[in-house]
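Hello,

Here is the structure I promised to pass on. Please have a look at it first, and then read my notes below.

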Amino acid sequence: MAQVNSINNKTSQLTVDPGATANSFIQYNVNASNKFIMGIDNSASNAFKISAGSALGTTDTFITTTAGIITRPLQCAFAYRNSSIASNVTGDGTAYTLAATTKIFDQGSNFSSPTFTAPVTGYYYLSVKMYIRNEPTAASTSGTIAIITTARTYTFFLDNPSVLPNSGTDFVESVYVFTNMTAADTMTTTLTMSGGTKTISMFGSAAQFYTGITGSLIC
Amino acid sequence: MAQINSINNATSKLTIDPGASGNSFVQFNVNASSKFIVGIDDSASDVFKISQGSALGTNDTFIMNTSGVPRMPLQAAFLGYLPSTDTNATGDTTQYTLGGTTALTKVFDQGTNFTTAGVFTAPVTGRYHLSGMIYLGALTSSNNLATIDIVTTATIYDINFNCSSVISSGKLSIGINTMASMTAGDTAFVRTRAEGTSKVVSVLGGANANSSFSGYLVC
């Protein structure tokens with residue numbers, strides 16, 4: 001018969017074992033309220049989990065497989081993109097705020113177009129990619145891509161954008177930062193092209209990630 | 001005398017203590033089969049570990065030292081670079097895959113999910129941070145487009161622009177990074193192409209890892 005829950009003071013081993021094929025866990029309560037549960041989810045290939053509440057497999061916050069690969073299914077992480085073109089948004093100095101309305105994923109639901117809101121205080125990776133169209137037509141002479149957080153603005157300068165388009169009228173730039181954010185701080189992204197006409201568009205596609213915003217809480 | 005394993009129902013404190021120098025842990029079994037062990041590895045400066053199996057120090061999946069710095073030694077993470085130059089790789093719109101001609105040199109590959117052919121395969125479903133960098137050579141002013149893509153099973157992430165006015169000595173570095181959602185078994189690789197000439201553009205390699213592909217599982 002399998003060993004069941006036991007404390008062995010001689011070996012300092014605290015063993016948790018259902019004595020059959022089933023979950024093996026410790027339940028943490030506060031005044032009879034189930035807060036967290038930690039242990040082996042037998043129904044999920046014996047992964048080790050830390051889950052909020054009273055059930056492994058529901059509200060899992062930390063999972064390590066038997067191969068040692070760790071996922072955090074509720075950790076803040078998001079990716080949104082433009083699935084269609086936004087026409088004539090800048091070129092004359094207008095600061096265009098990227099909408100990025102098509103969700104690829106959004107763990108924690110912290111992005112509401114066009115704004116990401118930090119759920120907790122921490123250090124975040126933030127990135128924006130912009131597929132810029134019609135530059136030669138607009139004849140802009142300068143431009144900036146900005147990641148704007150509550151604490152500060154990170155600016156990428158396009159000093160001579162007229163030379164950047166490919167054989168057509170397009171070019172793509174990407175800007176990313178690793179930054180600190182306080183809980184409830186926000187982030188938006190803008191493109192400002194100046195010195196020309198308001199005929200620059202932000203390209204988007206349902207098939208490919210041409211333009212969009214991504215980010216995640218690192219630590 | 002040191003406190004040994006005990007349960008204090010008045011304070012709801014469960015204490016695990018070997019009563020001497022030694023490991024302090026909880027063993028999670030399923031029907032007498034050791035699945036995971038969680039606790040203090042006294043032989044490793046008293047770090048807190050979650051380890052697969054029955055021994056702290058073997059198959060450690062999560063380690064936190066007494067300063068609060070965590071590590072995940074089995075987490076998917078990789079870096080590979082092109083060790084030598086591939087000449088005549090593109091220039092005529094040919095899509096060149098990093099690792100597809102000359103095998104990449106691996107710097108690290110936790111979990112062995114990355115091949116020297118430049119292909120990363122996601123071991124579990126999750127959110128991955130992926131970065132690519134390409135160093136092009138033998139460019140001329142006729143090369144009116146350079147691109148770098150991260151191609152995943154689900155999505156292509158693309159950077160492109162006219163490189164004819166920004167090259168120096170015929171060389172140009174272009175980079176890309178993104179957060180990507182990948183399902184277990186999905187693949188990712190880096191590719192590049194240049195346009196405007198015949199197939200004379202090189203992808204420069206070397207020990208400085210100027211042309212590389214890296215990534216890790218975030219959450």
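Let me start with Val151(B), which is partly exposed because it has 18 C-beta neighbours inside 10 Å. On this scale, 20 or more other C-beta atoms within 10 Å of a residue's own make it buried, 12 or fewer make it exposed, and anything in between is partly exposed, with C-beta atoms placed from the backbone.

Before I go further, a word on what you are looking at: this is a predicted model, in which local features need pLDDT of at least 70 and side-chain atom pairs count only at pLDDT 80 or more, while totals for chains, interfaces and linings use all residues. Residues are numbered from 1 along each chain as its sequence is written, and chains are lettered from A and ligands numbered from 1 in the order in which they are written.

Back to Val151(B), which belongs to strand β14 of chain B; strands are DSSP runs of E with at least two residues, numbered from the N terminus. Beyond its neighbours within four places in sequence, Val151(B) is in contact with Ile156(B), Ala188(B), Phe189(B) and Arg191(B), where contact means C-beta atoms, placed from the backbone, within 7 Å. Its C-alpha atom is separated by 18 Å from that of Val203(B), 52 residues apart along the chain.

Val203(B) turns up again among the residues that Leu136(B) touches, a list including Ala146(B), Val201(B) and Leu204(B), with residues up to four places away in sequence not counted. Leu136(B) and Ala146(B) are also among the residues with the most contacts inside the largest nonpolar core, which has 107 residues; Met130(A) and Leu191(A) are others in that group. Such a core is a set of buried Ala, Val, Leu, Ile, Met, Phe, Trp, Tyr and Cys residues joined through C-beta atoms within 7 Å.

Now for some backbone geometry. Most residues other than glycine have a negative phi, and most peptide bonds are trans. Ala138(B) has a positive phi of about 65° and sits in the loop between β13 (126-137) and β14 (145-152) of chain B. Ala138(B) is buried, because it has 20 C-beta neighbours inside 10 Å. Ala209(B) has a positive phi of about 60°, in the loop between β18 (201-203) and β19 (212-217) of chain B.

In chain A, the peptide bond from Ser113(A) to Pro114(A) is cis, with omega near 5°.

Terms used. Helix = DSSP H or I, 4+ residues; strand = E, 2+ residues; numbered from the N terminus. Contact = placed C-beta atoms within 7 Å.
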